[in-house]
Amino acid sequence: MARRTKEEAEQTRRQILAAARETFHSRGVGNTSLEHIAQAAGLTRGAIYWHFANKEQLFKAMCQEVTIPLVDQMDYTLLQDPHADPLQRVANFLMQFVAALSQNSSLLSTMEILNFKCEFVGELARDLTDYIERNEECLAKLQQAYLAASRAQQLRPGLTPKLAALETLVFLTGLLRLRLLGVPAFQKCPELKALIAAHVDSRRLCLKSAG
């Protein structure tokens with residue numbers, strides 16, 4: 001019985017998170033109350049409070065539900081995959097993120113909420129700090145990947161791991177935003193693959209053939 005109760009509680013929690021994502025996306029975060037989310041989930045507001053203390057906590061949980069599994073997968077791709085060299089891992093990391101946006105509707109909706117339907121003020125002000133920290137963590141991991149590329153003598157002259165990481169983070173941020181805006185050129189997989197390949201190749205040391 002206790003196990004069933006725990007499973008039911010987890011199911012209710014997932015139901016709340018799905019309703020929050022749908023409501024934040026349709027109304028905007030600032031215009032959404034816990035009452036709106038409760039109605040969308042078919043639950044009482046008390047049921048929401050049983051799982052989440054306030055809207056900020058619910059918003060954070062909604063983001064983490066889709067980002068934490070993705071970050072774990074992408075960390076492996078970027079830093080640990082033994083079947084790819086350092087620059088290929090960077091390319092695979094970028095393609096994995098693009099593919100995830102196409103394959104995971106919850107991730108796509110969450111990214112749209114974060115970029116276009118959320119004001120980081122009031123009770124969500126602290127989430128802006130978290131958002132900045134996540135970007136800094138991504139930058140540090142990219143720098144680690146490019147340091148491995150430098151040690152493998154893959155980086156072109158004059159390009160430091162730090163600068164390469166900064167450029168790739170800017171590239172990824174712009175790619176994400178244009179993808180979310182629905183710009184046609186950023187919706188098609190072949191074009192995105194070519195764009196990512198061109199970006200990574202621009203980091204690469206070109207060895208001149210002898211003779």
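Helices here (H or I, at least four residues) are DSSP runs, numbered from the N terminus. The model is a predicted one, in which local features need pLDDT of at least 70 and side-chain atom pairs count only at pLDDT 80 or more, while totals for chains, interfaces and linings use all residues. Residues are numbered from 1 along each chain as its sequence is written, and side-chain values use heavy atoms, with hydrogens and water left out.

Begin by selecting helix α3, residues 45-51, where His 51 lies. His 51 is buried, at a relative accessible area of 18%, buried meaning under 20% and exposed over 50%, with partly exposed in between (1.4 Å probe, protein chains only). Not counting residues up to four places away in sequence, His 51 touches Ala 9, Thr 12, Arg 13, Ile 16 and Gln 57, where contact means heavy atoms within 4.5 Å.

Next, select Phe 24, Ile 37, Leu 58, Phe 59, Phe 93, Leu 94 and Ile 196, which touch the most other members of the largest nonpolar core, a set of 57 residues. Such a core consists of buried Ala, Val, Leu, Ile, Met, Phe, Trp, Tyr and Cys residues joined through side-chain atoms within 4.5 Å. Helices that each supply at least two residues of this core include α1 (2-27), α5 (86-103) and α9 (189-201), and α5 gives the most, with 10 residues. Staying on Phe 24, and leaving aside its neighbours within four places in sequence, one finds contacts that include Ile 37, Phe 59, Met 62 and Ile 113.

Finally, move to the loop between α7 and α8, the place of Gln 153. Gln 153 has a positive phi of about 60° although it is not a glycine, and Gln 153 counts as exposed at 64% relative accessibility.
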